[in-house]
Protein chains: 2
Amino acid sequence: MQAIRIGLLGLGTVGSGTAEVLQKNAAEISRRLGREVRLAMVSSRDAAKARSVCPDAQYMADPFELVRHPDVDIVVELFGGTQIAKDLVLEAVENGKHVVTANKKLLAEYGNEIFALAGRKNVMVQFEAAVAGGIPIIKALREGMSANRIKSIMGIINGTSNFILSEMREKGSPFAQVLKQAQELGYAEADPTFDIEGHDAGHKITIMSALAFGTPVNFGACYLEGISKLDARDIRYAEELGYRVKLLGITRLSEKGVELRVHPTLLPECRLLANVNGVMNAVRVNADMVGETLYYGAGAGALPTASAVVADIIDISRLLSADSGHRVPYLAFQPGRLQEVHFLSMDEITSSYYLRVQAADKAGVLGSIANILAGEGISIEALIQKGVLDNNQAEIVILTHSTVEQNIRRAIPRIEAEASVSAPVVMIRMESLND
Amino acid sequence: MQAIRIGLLGLGTVGSGTAEVLQKNAAEISRRLGREVRLAMVSSRDAAKARSVCPDAQYMADPFELVRHPDVDIVVELFGGTQIAKDLVLEAVENGKHVVTANKKLLAEYGNEIFALAGRKNVMVQFEAAVAGGIPIIKALREGMSANRIKSIMGIINGTSNFILSEMREKGSPFAQVLKQAQELGYAEADPTFDIEGHDAGHKITIMSALAFGTPVNFGACYLEGISKLDARDIRYAEELGYRVKLLGITRLSEKGVELRVHPTLLPECRLLANVNGVMNAVRVNADMVGETLYYGAGAGALPTASAVVADIIDISRLLSADSGHRVPYLAFQPGRLQEVHFLSMDEITSSYYLRVQAADKAGVLGSIANILAGEGISIEALIQKGVLDNNQAEIVILTHSTVEQNIRRAIPRIEAEASVSAPVVMIRMESLND
């Protein structure tokens, strides 16, 4: 089948990321889709960058020429802003192109107009990357929750603000100082208004509100209150009372109507949402049948956002490629392209380990155990005597660094064979969740 | 357009829940899908129950007659088990029916055979409900992550085990005692082997592993180790060292091959996954472009699982209904069925509130503030004096119960008008995350 031909508008952070994902994971994408996705054309202000980032794509100085070009199947709008982006998206739709965009502002402010035209032209407009970056929350709301009446959505959907609030809490620093630090780290723009005053979160919760309750998009109805006036003292007092302060986008359906608002919010510290820190995003959805679900991940950044852009490209491509029978392969990859792999035996896996050894409480025991582990190539992260039992037996807890399990399986019987060791060794695997 | 006709096999917990969701949310589903979903036929051992739960469906004593019936578009298999369920699913596919199933055991053990036949017959087989109940993790893996190479999946995917481990940690109780309690609460079966020895989690991680890495389903390669031998002491020691013990399903792609295993695992307590408690499930996915994402929600129960079953029904129905242009409506609901709603002004919203008042540190101040709040119909959850500032000024922090915001907006200027109050009142909204 012929390749799906992408016309890419914009080579900023997300545009370059999209080109990178399409190139780096071309084989994986083709294994899933059964068809190649080709970056056919690109338009950006910087022609030299276009040639360097997408050497195989045709460069178009005029983006309007790109969106009208017969050799483009899907237009990917990553210019941002609303002036030219709106004209380009409408022109693409007018020309029968399917559109993928990450432009939350465009959709929150002009979504109704764009979707109306797209409906008349019978084209798809996908926007997973517009809300919460790499988290597939649009798909969860439009498809995963489709059997439910959604009751409320609450989201940490601006990474800049969440980073600032996390730092203010951890270090007790004032807002202005943390903002400066965020700017130095590249987490906040030179003009941070859009992020810290809630506009960005407002665009995102406005889009989610429409999806949840089946209303037109209405950014004008969204109350915006940012974090710039927050006093570190209130964050500290809230913490003393068992709460964390987060900038939330909130939308909720009540008998009186729809709430739609962005503001700093105290959350009970025991809740997962209260423990989403740094630049990470999370969205909590409450729905009548499934109850509470939560979606967590990177809300910004070149590759996470591009992951959502490319997922949308694949989504559209699957429908363009679908025969009557199916759209998504049963096992995610094309049946003819499944691979037989080697499944590791437990001897071959790599893990770190918790070991508990019961032994006579006398000199030399710890040393013998440490020697056995060292002899099997196992390095120790911590070795702690946990207390002495009634019968002069000690319990020793060991945390190991990562090692191949066969080393542990050889070490355990050697430890158990020590004269001073009086019970079978307890072994529990550990995961750092760092990979 | 004609209704999509469902043939339902089984009226146990999930089957009855599916009938309930289809009936209760029929209007919402039709607003999303643009087409009615009709429970046309049902087969279960108990004919009387069938008539009471699905009064409008035709009862079929013989399930094989149902899966062959020309008036059924989608067969929903909720019998469970592998003997008759396998024959029924294959017979349904053979007869060109699309299939939705929640049967993880069936797919983990016979998925390759079922998918092969389904591919030849060009029918869809959907199974969102088979893994992590109401969490749309299959959709996230097959579609949301489609631009990524998935590196690892780690999931708390057995609610019974997670409940037992959460209780063992919180109460320090031994395994046997907590299991008994879980059985009394209905969280564990009379014969709990399937849940506590890791079989159920093994079926689920096996399915996710195939989806992640593009391999045939291979339950035989899955290492299973349950929680029945865990000592409460090790849970306590782990906690003292900063770890929680969770039963995880783990699959990871390394240079050597694929790891596929279920066992108790120590996790650093600062991680979200370590803080998933009770019967809740969560799945953490690490992928090359998007990085870490996490999906949390109810992993079992009639309505959460039915939410996933019905989402699959809608997914298939959308494709059966799709014209060339689109499958999922732009704003989740059919364009003609969006509703204009009243968006609440901030005066109208309901919330609880954090207030900080700075006032002279003298008798009567707390009383006046409390009186003002009471006068505006605001009840106080906590009122705490947070310390005295240099200039004999005290800071008072108040947490209110839920109230309409206009009450707060009336109360604040009244508090600020008090002679002893010396600075603007700080107000931050609170959310309990209980709805």
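Trainee: What makes the element that holds Ser209(B) a helix?
Mentor: Ser209(B) lies in helix α11 of chain B, residues 199–213. Helices are DSSP runs of H or I with at least four residues, strands are runs of E with at least two, and both are numbered from the N terminus. The model is predicted: local features need pLDDT of at least 70, side-chain atom pairs count only at pLDDT 80 or more, and totals for chains, interfaces and linings use all residues. Residues are numbered from 1 along each chain as its sequence is written, chains are lettered from A and ligands numbered from 1 in the order in which they are written, and side-chain values use heavy atoms, with hydrogens and water left out.

Trainee: Why is Ser209(B) called buried?
Mentor: Its relative accessibility is 1%. Buried means under 20% relative accessible area, exposed over 50%, and partly exposed in between (1.4 Å probe, protein chains only), so Ser209(B) counts as buried.

Trainee: Which residues does Ser209(B) touch, beyond those up to four places away in sequence?
Mentor: By contact, meaning heavy atoms within 4.5 Å, Ser209(B) touches Phe343(A), and in chain B Gly214(B), Thr251(B), Val258(B) and Leu260(B).

Trainee: How many residues does each chain bring to the contact of A and B?
Mentor: Chain A brings 139 residues and chain B brings 139 residues. Buried area is the accessible area (1.4 Å probe) that two parts lose on being put together, summed over both; for these chains it is about 12100 Å², with 58% on carbon and sulfur atoms. Of the area that chain A buries against chain B, Met289(A), Tyr330(A) and Leu433(A) supply 7%, more than any other three residues.

Trainee: What makes Asp231(A) and Arg356(B) a salt bridge?
Mentor: The rule asks for a side-chain nitrogen of Lys or Arg within 4 Å of a carboxyl oxygen of Asp or Glu. The closest N and O atoms of Asp231(A) and Arg356(B) are 3.6 Å apart, so the pair qualifies. Across the interface of chain A and chain B the rule finds 23 salt bridges.

Trainee: How do you know that β17 of chain A and β10 of chain B pair, and in which sense?
Mentor: Two strands pair if DSSP finds at least two bridges between them. Strand β17 (residues 426–430) of chain A and strand β10 (residues 257–268) of chain B have 2 bridges, so they pair, in the parallel sense. Arg429(A) stands opposite Thr265(B) in β10(B).

Trainee: Why are β3 and β6 of chain B called edge strands?
Mentor: The open sheet has 6 strands in the order β3-β2-β1-β4-β5-β6 (chain B), with parallel pairing. Strands β3 (58–59) and β6 (125–126) of chain B each pair on one side only. For β6(B), 2 bridges join it to strand β5 (residues 98–101) of chain B, and Val100(B) has Gln126(B) in β6(B) as its bridge partner.
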